[in-house]
Amino acid sequence: MRPNPPRPPVDDRALLLKRTPYGESSLVVHALTAGHGRVELIAKGAHRLKSRFSGVLDWFDSLSLDWTPPRGDADARTEAARVSGLGTLRTGDVDIRRRFVTGSLETYRAAHTAIELTELSTRAGFADPDLFALLESTLDEFNAVGRALGMADAESAQSLLAPLPLRLARFELRLLACLGLQPALSVCAACGGPAPAAGHPEGAPRAPFSPEAGGRLCARHAGEAHAAGRRVGTLPIDVLDGAHGLIDPGNASLTKGQLLGLVEERPEFGERILDFTGRFLDHQLETRPKSHAEFLGAPDRNSRAKLSPSA
Ligand SMILES: [Zn+2]
């Protein structure tokens, strides 16, 4: 087979998703671009002392990249074919530096999780400007929190950190929406009708929920999903309402202000919402990102045993 002819260089705005050292001094980078989807590029000599890429290919920054597209196939099986499937980075500039993201472990972890989830849920060649805008605005948010934390006293640091799980959960819900995988949170995923709490007198009210069936379910469709062999559990109504409030504040029963108030009072409520979105996303992606492993390695914060002392 003859190699394809060289293609003209392209440039675009980009956010780094993954960096892997390659050979003596090069880097392979995965980047999400605004107009070209995810691209996989080799930055030759990026590790050399006087590289033109030094200080450019950092996490969390908005970049302008200029590259020559690959001649080959990025999904090729052999290493040699795969490298020929990489574009070649020609120049890079930093448009927006977000150095405050690394100002606290919490903002760093949240931003890293957002990036890893984006890497896992995208493949080369499919452009989604909404996804790029989502990741960029999320990194802006974490950078702003990191900046504010740098100037905060202990008490105001606490009120900056308490909503952080909610911010990450909102990113995860919006990512799911970009992927067309948003769960039904307020109505039945099957019929669109009401999906009230199932009858469990003890503990917090809970509604039937099945990731495999698309989310919250009414009693009838929970029964049908179960009969069809799908796993159906239950989730606390307040967690579903909280998640709904994050993604669709205009139509949710919890307003943004109420949600923030709840999280300020009980920080674990934000963690319960993030536990839900994280597990749902893991289920949809069929993998658990490393950055999720520690948080979701803990027992499910929304399981009945955890919430109900009588269970
Ligand atoms: Zn239904």
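1. Strands β6 (residues 206-210) and β7 pair in the antiparallel sense over 2 bridges; pairing requires at least two DSSP bridges between two strands, and strands are DSSP runs of E of at least two residues, numbered from the N terminus. R216 in β7 is the bridge partner of F209.

2. The model is predicted, with local features needing pLDDT of at least 70 and side-chain atom pairs counting only at pLDDT 80 or more, while totals for chains, interfaces and linings use all residues. Residue numbers start from 1 along each chain as its sequence is written.

3. The order β7-β6-β8 describes an open sheet of 3 strands with antiparallel pairing. Because β7 (215-216) and β8 (233-236) are at the edges, each with a single partner strand, one side of each lacks a neighbour in the sheet.

4. A barrel is closed by 5 strands in the order β1-β2-β3-β5-β4, with mixed pairing. Strands β1 (residues 10-22) and β4 (residues 62-68) run antiparallel and are joined by 6 bridges. D11 stands opposite D66 in β4.

5. Helix α9 (residues 267-285) packs with helix α10 (residues 290-297) at an angle of about 130°, their axes 11 Å apart. Helices are DSSP runs of H or I of at least four residues; axes are lines fitted to C-alpha atoms, for helices over the stretch in contact, and angles between N-to-C directions run from 0 to 180 degrees.

6. In this contact (C-beta atoms, placed from the backbone, within 7 Å), D275, G278, R279 and D282 of α9 meet H292, F295 and L296 of α10.

Technical notes: Two residues are in contact if their C-beta atoms, placed from the backbone, lie within 7 Å.
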